[in-house]
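Hello,

Here is the structure I said I would pass on. My notes follow below it.

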Amino acid sequence: MTAVDSVLELARWQFGIVTVYHFLFVPLTVGLTMLVAVLETIWLRTKNPEWLRLTKFFSKLFLINFALGVVTGIVQEFQFGMTWSDYSRFVGDVFGAPLAIEALLAFFLESTFLGLWIFGWDKLPRALHNACMWIVHLGTLASSWFILAANSWMQHPVGYKFNEVTGRAELTDFWAVMFNKVQLGTFPHVILAAYLTSAAFMLGILGWLYLRRPGLDGADRPMHRRGMVLAAWIMVVSGLGVAISGDVQGKIMTEVQPMKMAAAEALWETSDSCAPFSVLTIGTRDGKHEKWALEVPCVLSFLGTGTFDGKVEGIYDLQEKYRATYGATPGETYYSPGDYTPNIPVTYWTFRWMMGLGVVGGLVGLAVLWLTRRGRTPTGFVGRVLPALAISAPVMVLLGNSMGWIFTEMGRQPWVVFGVLTTAQGVSPGVEPWEVWMSLLGFTLLYAVLAVIEVGLLMKYVKKAPDPFVEPPSPSLRGSESDADEPMNFAY
Amino acid sequence: MELTTVWFCLIAVLWIGYFVLEGFDFGVGMLLPVLARDDRERRVMINTIGPVWDGNEVWLLTAGGATFAAFPEWYATLFSGFYLPLFLILIALIVRGVAFEYRHQRPSATWAGWWDRAVIFGSYVPALLWGVAFANIVRGVPIDGDFEFTGTILTLLNPYGLLGGLVTLSLFVTHGALFIALKTDGEIRGRARALALKVGVVAAVLAVVFLVWTQVLTGSAATAVIFVLAALALVGGLGAAYVGREGLAFAGTFLAIGLAVAGLFVGLFPDVMPSTTDVANSLTTTNASATPYTLKLMTIVAAVFTPIVVGYQAWTYWIFRKRISIHHIPAAH
């Protein structure tokens, strides 16, 4: 293994670890800003103290998550230059713009208005205070838009030309990048999955409090129940949206990245019509020789093309086609020459786990709605199982998110920018293996420690349940000097 | 003006914004074990920057993103070349940010003590390393014909680079102490002012040596004027602190840091990262830049949104304009 090869391996592992870790917090941030804003708005409308208690409870849990999301996000921006400098040189003209715009439009909005929201209970009028959280949520949506547009460009590069002289990709049409068809499928899919994730988080925690700890404070059970049912509704609606947008994405993927679709299915031979959807396979490690498979006829054709007799290209044919189009050279440092096939076991299984975990997690919401219909309270065996099921819903959905990203990024390999630049070509040529070893170990260890601390804090506050109601101050913007010596409503 | 020059200026503005803003919150972090006598005072200090530190840090993210978009070659050479310092800065910023949010979450002195260490470490490391990094950018580093950094970590630890680090460190401590003096009330306010004067004198001496050295390395008439103004602002600020004008004093260090960074950028122009290997390998605003199309697009976005951002950030500082003292701090959870 040459030096570049091992930097490449290490850099890929590092990117995978820090990105998957970062994306545990992102959907919770996007979704919880929405939920906290909704809860506060309901409180302002109904004046029912329960909604304020839930607002404060979930904002506390949200902030514990948000802190890790923010700090791990800095690594995301820096590592393109640090470990992927040739990638940065190649794509900077196209890829840098959405990143810079994201920081200017979205990060400032999120950080500034979140600061106002956290510390502003005794400074801002109530409606303006609530508006701050809505603005933070808008910031998260804007942020998602730009970063997903950047990622969609890597999946399906549009609106650029290749400059032979400089050897770089150059932006020619910004709007084509912003409204890339892959982006139009990806954005709703990711945002709805974020809503699903945060609603599952809320349902899991309130479901557990409602059923497991009725003795904590019997008077709070209706509040836990109401919050849980609200969360269940959001889960069902957003879960349905995730499925529909995922279906749209699948069809776009079949069109622009047929190899990824074939890899998702481990479909080696082209299927001219009625391609089966493989539910499970037991086979050899490379996935080429299956021993036993559970398949549903024609479903893959439908997922990929929208008709049950559509043609779905297989890996062997695509490989030949890509060799003819892109030649034998691009894959040479990492993959064997001319190998355009991603790691099939990884793509096959992550695709299944993404769908399975998402669907099962989402169904918990439906189950809760059914079990609590018309004022019912689950008792007996169901009552005993439901808390565990509820608390596992957010875990399943979070893992489903990770699987989705691992699938979509691994399914693009050996490319980093599909059809244009391979991952091996993007790595920093000047960075030493020991440097990447150090950062890889450093980040991984630190992230692991922070994860333990974070989960510990979340558990502490979940067990404490929502704090009793305290009427918050209702200040005017001009402020009054009479309250100057009151303790702060919130302090670090 | 050429668009590449516009973007050179904008990136300079973003770094200036970052250093004058996060400079004082690094200072507050570094002074945590020095100025505060007990936990309540430590919380007073942390709460002076509580609502704003994250917004301050976004100036760094925007500077990074803007460099990536406007000067991809600069971003690539700088970030891969300065790999280890940036790794350390990232680790520092991670533990520091988490510490602010987590420190008050458990009512245990041990718990708070560990997060205090994280804040202190997380503030010292970037305050020192940003200075080392910037001094080396100005001084030049070995860069080959492919725009790759060919030095090692030891290349960056030269006397001029290390002095640059000490300058940012001591300036940020002074800046932070004056911020505490401006934003708090009670005993800590007086202590902060006294400390700002002591450290400020050291910072002023180091800064003057550094700026004269820089003037010799890359100076022009323009940089000379800017550096003299920076020095005057710093001395004026310390004078204001001496007579008890805290607002004016803070404005002094604010201006001094801003002008000094501006002077470094003026001295750098039209290079963005000079090469010590061969002048021909130097990255410049021209050979490191993005295409005119991207620059034009980004210019429109920046022209519209930068004033808005500055507006609402300023508004935040106004909302949280009141001084904080120990009796404003609620009991721990």
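For chain B, the UniProt entry, which is unreviewed, annotates "transmembrane region" over residues 6-36, 82-102, 114-137, 157-182, 194-213, 219-241, 248-269 and 297-320. Please keep in mind that the model is a predicted one. I looked at two of those spans. For residues 297-320 of chain B the figures are 96% helix and 0% strand, with 35 Å between the end C-alpha atoms.

Chain B as a whole has 12 helices and two strands. Read from the N terminus, the order is α-α-α-α-α-α-α-α-α-α-α-β-β-α. Chain B has a radius of gyration of 20 Å, close to the 20 Å that the globule rule gives for 333 residues, so chain B is as compact as a globular protein of that length. Along the principal axes, the C-alpha atoms of chain B fill a box of roughly 60 × 40 × 40 Å.

On the H1(B) side the contact is made by Asp25(B), Val28(B), Leu32(B) and Leu35(B), which meet Arg42(B), Met45(B), Thr48(B) and Ile49(B) of H2(B). Sorted by class, the residues in this contact of H1(B) with H2(B) are five nonpolar, one polar and two charged.

Next, the contact between the chains. Chain B puts in 61 residues and chain A 58. Five helices of chain B, namely H2, H3 (53-70), H4 (72-81), H5 (83-102) and H12 (292-319), each supply at least two residues of the side that touches chain A. Which helix gives the most to that side of chain B? H5(B) does, with 13 residues. By class, the side of chain B that touches chain A has 38 nonpolar, 17 polar and six charged residues.

Last, a hairpin in chain A. Strands E1 (residues 160-163) and E2 (residues 168-171) of chain A pair in the antiparallel sense over four bridges. Lys161(A) stands opposite Glu170(A) of E2(A). Four residues lie between E1(A) and E2(A) in the hairpin, where Gly167(A) has a positive phi near 70°.

Regards

Methods:
Residues are numbered from 1 along each chain as its sequence is written. Chains are lettered from A and ligands numbered from 1 in the order in which they are written. This is a predicted model: local features need pLDDT of at least 70, side-chain atom pairs count only at pLDDT 80 or more; totals for chains, interfaces and linings use all residues. Two residues are in contact if their C-beta atoms, placed from the backbone, lie within 7 Å. Ala, Val, Leu, Ile, Met, Phe, Trp, Tyr, Cys and Pro count as nonpolar, Asp, Glu, Lys and Arg as charged, and the others, Gly among them, as polar. UniProt positions are given in the numbering used here, feature names are shortened, and annotations may be inferred rather than shown by experiment. Two strands pair if DSSP finds at least two bridges between them. The radius of gyration is taken over C-alpha atoms; the globule rule is 2.2 Å times the number of residues to the power 0.38.
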